[in-house]
Amino acid sequence: MLLDRTAWDVVLDASGNWALASDPYSIAQDVASAVKLFKSELWFDTTTGVPYWMDILGQWPPLPVVRAAIEAAALTVPEVVTAQCLIVSFTDRTITGQVQVTTSSSATPQPVSFSAPPDDPRSGRPARPRVV
């Protein structure tokens with residue numbers, strides 16, 4: 001399924017059906033979703049996700065702990081073989097950075113930028129990651 005980069009909502013094709021994302025964008029989109037998923041947010045598997053509320057936001061953990069949690073989330077995407085997290089900023093409860101992933105079909109690192117604030121000030125809902 002293809003998600004709109006701005007609204008992080010489904011996109012329809014010309015026939016009114018859900019548009020499908022293709023590689024490599026689909027993998028980047030899946031990685032971005034995995035990195036943004038708060039632990040316990042996925043109702044059918046509360047063990048997956050990044051422990052933002054439990055261990056990161058409001059806790060000021062060491063950056064290697066944050067990087068490891070984000071890399072572990074990226075590695076849950078089936079096609080991802082390696083993940084390296086680069087944190088650019090961690091201010092005002094917002095983590096901004098990039099995960100560089102390699103996949104089973106390409107050894108060339110693919111960058112996936114993310115920004116993971118605790119909530120979207122416009123809606124109060126968890127903010128969605130950006131895929132670049």
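Author: Start with burial: a residue is buried under 20% relative accessible area, exposed over 50% and partly exposed in between, with a 1.4 Å probe and protein chains only. The model is predicted, so local features need pLDDT of at least 70 and side-chain atom pairs pLDDT 80 or more, while totals for chains, interfaces and linings use all residues. Numbering runs from 1 along each chain as its sequence is written, and side-chain values use heavy atoms, without hydrogens or water.

Now the rings. Rings of Phe, Tyr and Trp (its six-membered ring) pair if their centres lie within 6.5 Å; planes under 30 degrees apart are stacked, over 60 edge-to-face, the rest tilted. That rule gives three aromatic pairs. One of them joins Phe-38 and Trp-53. (Helices are DSSP runs of H or I with at least four residues, strands are runs of E with at least two, and both are numbered from the N terminus.) The partners differ in cover. Phe-38 is buried, at 4% relative accessible area. Trp-53 is partly exposed, at 45%.

Next comes the pair of Trp-43 and Phe-44. The ring centres of Trp-43 and Phe-44 are 5.5 Å apart and their planes stand at 85°, so this pair is edge-to-face. Trp-43 counts as exposed at 75% relative accessibility. Phe-44 is exposed too, with 60%.

There is also a cluster. Ring pairs link Phe-38, Tyr-52 and Trp-53 into it. Tyr-52 has a charged neighbour: Lys-36 lies over the face of the Tyr-52 ring, 5.7 Å from its centre. (Over a ring means that NZ of Lys or CZ of Arg is within 6 Å of the ring centre and within 35 degrees of the ring normal.)

Lys-36 leads back to helix 1. Lys-36 is among the buried residues there, as are Tyr-25, Ser-26, Ile-27, Ala-28, Gln-29, Val-31, Ala-32, Ala-34 and Val-35. Ten of the twelve residues of helix 1 are buried, so this helix is largely enclosed by the rest of the structure. From first C-alpha to last, helix 1 reaches 16 Å, close to the expected 16 Å (1.5 Å times one less than the number of residues).

Before it, in the preceding segment, sits Pro-24. The peptide bond between Asp-23 and Pro-24 is cis, with omega about 0°. Ser-40 has a positive phi, near 80°, and is not a glycine. Ser-40 is partly exposed, at 41% relative accessibility. For context, most residues other than glycine have a negative phi, and most peptide bonds are trans.

Now the wider setting. The protein holds three helices and three strands. Their order from the N terminus is α-α-α-β-β-β. Of its 132 residues, 37% count as buried. Take contacts (heavy atoms within 4.5 Å) between residues at least 6 apart in sequence: 33% of them join residues at least 24 apart.

Strand 1 (residues 80-91) and strand 2 (residues 94-103) run antiparallel and are joined by ten bridges; two strands pair once DSSP finds at least two bridges between them. They form a hairpin with two residues between them. Asp-92, in that turn, has a positive phi of about 50°. Across the pairing, Leu-86 stands opposite Gln-98 of strand 2, and Ser-89 stands opposite Thr-96.

Which residues does Thr-96 touch? Leaving out residues up to four places away in sequence, Thr-96 touches Ile-87, Val-88, Ser-89, Phe-114 and Ser-115. Thr-96 lies in strand 2. At 26% relative accessibility, Thr-96 is partly exposed. The C-alpha atoms of Thr-96 and Ser-113 are separated by 7.7 Å, although these residues are 17 apart along the chain.
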